[in-house]
Amino acid sequence: MTINERMALKIRLEQLEDAEIRVIQEFQKEREYIFKRLRELDEKEGQQAETASGKPEYVSFNTLASVPPETSGGEVLTKERCGNRGRQEEASRAR
């Protein structure tokens with residue numbers, strides 16, 4: 001049995017899918033670590049502020065999960081759109 005191009009492409013797609021899953025998992029682990037560390041820092045800053053002023057001070061931050069990727073003012077931005085926007089801003093500054 002010989003491996004033809006179709007079979008080779010199907011195998012490669014499966015390999016890519018496995019690699020994508022691993023990369024996504026790594027990003028999720030890193031994101032979890034970052035949020036955990038931010039919570040620790042918030043608690044630490046809150047404790048320091050409480051001891052300094054005698055009243056608790058609450059520090060919060062927005063989670064990345066609550067903001068859709070590449071959005072601005074409710075408008076979804078594509079890479080092409082972002083690039084054009086930067087050029088438009090440069091042109092208006094030059095005027």
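Buried here means under 20% relative accessible area, exposed means over 50%, and partly exposed is whatever sits in between (1.4 Å probe, protein chains only).

The model is predicted, with local features needing pLDDT of at least 70 and side-chain atom pairs pLDDT 80 or more, while totals for chains, interfaces and linings use all residues. Residues are numbered from 1 along each chain as its sequence is written, and side-chain values use heavy atoms, with hydrogens and water left out.

The protein chain has two helices and two strands, running α-β-β-α from the N terminus. These elements are DSSP runs numbered from the N terminus (helices: H or I, at least four residues; strands: E, at least two).

A search of the whole structure turns up two salt bridges, each defined as a side-chain nitrogen of Lys or Arg within 4 Å of a carboxyl oxygen of Asp or Glu. Side chains of opposite charge can pair when their charged atoms come close. Glu40 and Arg37 meet at 3.0 Å, N to O; they are three residues apart in helix 1, so about one helical turn separates them. Glu40 is partly exposed, at 35% relative accessible area.

Lys29 and Glu26 form a salt bridge too, at 3.8 Å, N to O. Both lie in helix 1, three residues apart, or about one turn of the helix. Lys29 is exposed at 53%, whereas Glu26 is partly exposed at 48%.
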